[in-house]
Amino acid sequence: MGRSCVYNNDLNICFQRSVSVISTLIHNFYLKSFFDSDVFQQKINTEATGTAQKGFYLNQLSDVLIPLPPQSEQVRISNTVQKLLEILEAVENNKVDLSELITQTKSKVLDLAIKGKLVPQDPNDEPADKLLERIREEKEKLIKEGKLKRDKNETYIFKNSDDNSYYEKIGKETVCIDDDLPFEIPDSWRIAKINSIAFVTKLAGFEYTKHIANNLCSEGVPLFKGKNIQDGEIIYKFEHYIPNEVSDNLARSQINKKCILLPYVGTIGNVAIHDKKGKFHLGSNVGKIELFNSLNINILEEYVLYFLRSSNGKTELKKHKKATAQDSISIDAIRDVNMLIPPIQEQYRIVEKIKSIFTQLDIIQEFLFQ
């Protein structure tokens with residue numbers, strides 16, 4: 001019911017049942033615009049009669065009131081409506097292109113952010129090297145308390161004030177890494193490997209085989225899998241659980257605080273922040289990054305997330321990609337990623353700016369696909 005068209009051809013045609021023909025001096029396309037309007041469509045939907053199949057019949061159609069402007073205005077209205085419909089059709093046909101443009105814009109915003117070009121630097125901000133110094137002290141404290149093992153292969157990246165070059169100390173050897181830097185880094189920023197600012201781990205293969213494989217159940221501690229991390233979001237729908245006592249025996253791969261989760265098999269660079277209260281557990285092929293944050297130390301998980309989702313972050317993640325049937329990297333490769341660390345005040349400004357821009361782009365995309 002309610003569909004209409006303007007017939008302009010010269011063919012002799014006839015109709016089967018349930019089709020009406022209107023011959024009128026009213027401008028045909030204006031009349032069709034009225035029939036297509038919500039006013040008319042709602043009228044026939046509410047006043048249609050019948051049981052097995054409802055209908056809006058000729059006697060009802062004959063009594064419909066039509067707003068009737070002068071004929072010249074009917075033409076102007078029809079022409080305007082037609083132009084707008086053509087524009088809408090063009091937008092409809094280009095939705096995919098526009099959606100791709102929005103995706104590319106988000107990527108560009110992230111790239112500008114981690115280059116220090118999205119928000120201005122403030123000379124009053126505490127330099128990032130002070131922040132990293134406190135993190136090193138916190139990490140050393142955890143090692144002495146037996147809560148963290150010392151990395152035998154840990155490296156240290158620093159900026160030499162004499163020549164303003166970046167160096168990496170590997171054991172007893174110190175190497176200039178200026179040629180490895182992807183772009184010029186702001187003066188107040190520093191470089192640090194993820195392993196030096198965070199605890200990075202996974203569920204070991206033997207742990208899965210020995211403790212989890214035979215203890216999967218339908219309730220208990222949820223088990224994260226790669227498909228729980230999609231497009232930067234956590235999907236809290238779980239297929240498998242493990243008993244609480246099993247999780248307690250695997251403390252390193254427990255998830256009981258805010259952290260960053262990322263699959264290391266499949267979609268490399270797909271990362272998301274987990275900040276839901278409760279106990280969860282890593283499943284196969286998912287790693288976690290827990291920042292060494294305390295009362296006087298703060299690197300924003302949101303900033304790390306945006307860095308890893310940027311082109312540079314993805315390049316860092318993929319530089320050790322293994323040649324296997326599915327893309328994969330090792331947990332050691334994640335630990336070895338070079339992070340660009342701004343001052344904490346600038347991290348806040350960057351995160352807020354990205355969120356603001358992404359919100360506007362999401363509104364545009366949502367409007368396109370209404």
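Mentor: Let's start with Tyr7, Leu11, Ile13, Phe15, Val19 and Val21, which make a nonpolar surface patch of about 600 Å². Patch members have over 30% relative accessible area and no salt bridge, with nonpolar side chains joined within 5 Å and like charges within 9 Å; areas are Shrake-Rupley with a 1.4 Å probe, only the protein chains shown counting as cover for residues. Keep in mind that this is a predicted model, where local features need pLDDT of at least 70 and side-chain atom pairs pLDDT 80 or more, while totals for chains, interfaces and linings use all residues. Numbering runs from 1 along each chain as its sequence is written, and side-chain values use heavy atoms, without hydrogens or water.

Tyr7 sits in the segment before helix H1 (28-36); helices (H or I, at least four residues) and strands (E, at least two) are DSSP runs numbered from the N terminus. At 37% relative accessible area, Tyr7 is partly exposed, a label for values between buried (under 20%) and exposed (over 50%).

Now go inside. The largest nonpolar core has 60 residues, and Ile197 and Tyr303 touch the most other members. Such a core is a set of buried Ala, Val, Leu, Ile, Met, Phe, Trp, Tyr and Cys residues joined through side-chain atoms within 4.5 Å. Helix H13 (residues 344-368) supplies the largest share, seven residues. Beyond four places in sequence, Ile197 has contacts (heavy atoms within 4.5 Å) that include Leu132, Phe292 and Met339. Another core of 19 residues lies apart, with Ile229 and Leu282 among them.

Then come the charges: the whole structure has 19 salt bridges, each a Lys or Arg side-chain nitrogen within 4 Å of an Asp or Glu carboxyl oxygen. One of them joins Lys227 to Glu239, with the closest N and O atoms 2.3 Å apart. Lys227 is in the loop between strands E6 (221-224) and E7 (229-230), and Glu239 is in the loop between strands E8 (233-234) and E9 (241-242), so the bridge ties together parts twelve residues apart in sequence. Both ends are partly exposed, Lys227 at 48% and Glu239 at 47%.

Elsewhere, salt bridges with shared partners link Glu168, Lys193 and Asp336 into one network.

Notes:
Buried < 20%, exposed > 50% of the residue type's maximum accessible area, 1.4 Å probe, protein only.
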